[in-house]
Amino acid sequence: MSDAPLYERFDCAPGLRLEAHERVAEIHRQNMLKRMDRLEEMMERMERRLWLTVYGVVAVILAQAVQSVLVVAP
């Protein structure tokens, strides 16, 4: 027997619909992953800013403490 099919394959509407749905789902997934990556980057930047603010506040408090010690000490 030969490997060639006896009949011609054809695309049916449910199969095409399923393929289209899979393509759309993959596009949605890729877009969601891109948005999540951007969100993670934004969160990292915000975290860096937060730590910079915390260090700045601590530095101001320490500077005021050192200044008050220098004023009291002769």
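How many helices and strands are there in the protein chain? The chain has 1 helix and 0 strands, where helices (H or I, at least four residues) and strands (E, at least two) are DSSP runs numbered from the N terminus. This is a predicted model, in which local features need pLDDT of at least 70 and side-chain atom pairs count only at pLDDT 80 or more, while totals for chains, interfaces and linings use all residues. Residues are numbered from 1 along each chain as its sequence is written, and side-chain values use heavy atoms, with hydrogens and water left out.

**Exposure of the chain**
- Of the 74 residues of the protein chain, 0% count as buried, a class defined as under 20% relative accessible area, with exposed set at over 50% and partly exposed in between (1.4 Å probe, protein chains only).

**Salt bridge**
- A search of the whole structure finds 1 salt bridge, the term being used for a side-chain nitrogen of Lys or Arg within 4 Å of a carboxyl oxygen of Asp or Glu.
- The side chains of Glu-26 and Arg-29 meet in a salt bridge at 3.5 Å, N to O; the two residues are 3 apart in helix H1 and so are separated by about one helical turn.
- Glu-26 is partly exposed at 35% relative accessibility, and Arg-29 is partly exposed with a relative accessible area of 43%.

**Surface patches**
- Patches comprise residues with over 30% relative accessible area and no salt bridge, like charges being joined within 9 Å and nonpolar side chains (Val, Leu, Ile, Met, Phe, Trp, Tyr) within 5 Å.
- Leu-50, Trp-51, Val-54, Tyr-55, Val-58 and Leu-62 form a nonpolar surface patch with about 620 Å² of accessible area together; Leu-62 lies in helix H1 and counts as exposed at 52% relative accessibility.

Terms used. Areas by Shrake-Rupley, 256 points an atom, 1.4 Å probe, with all protein chains shown as cover.
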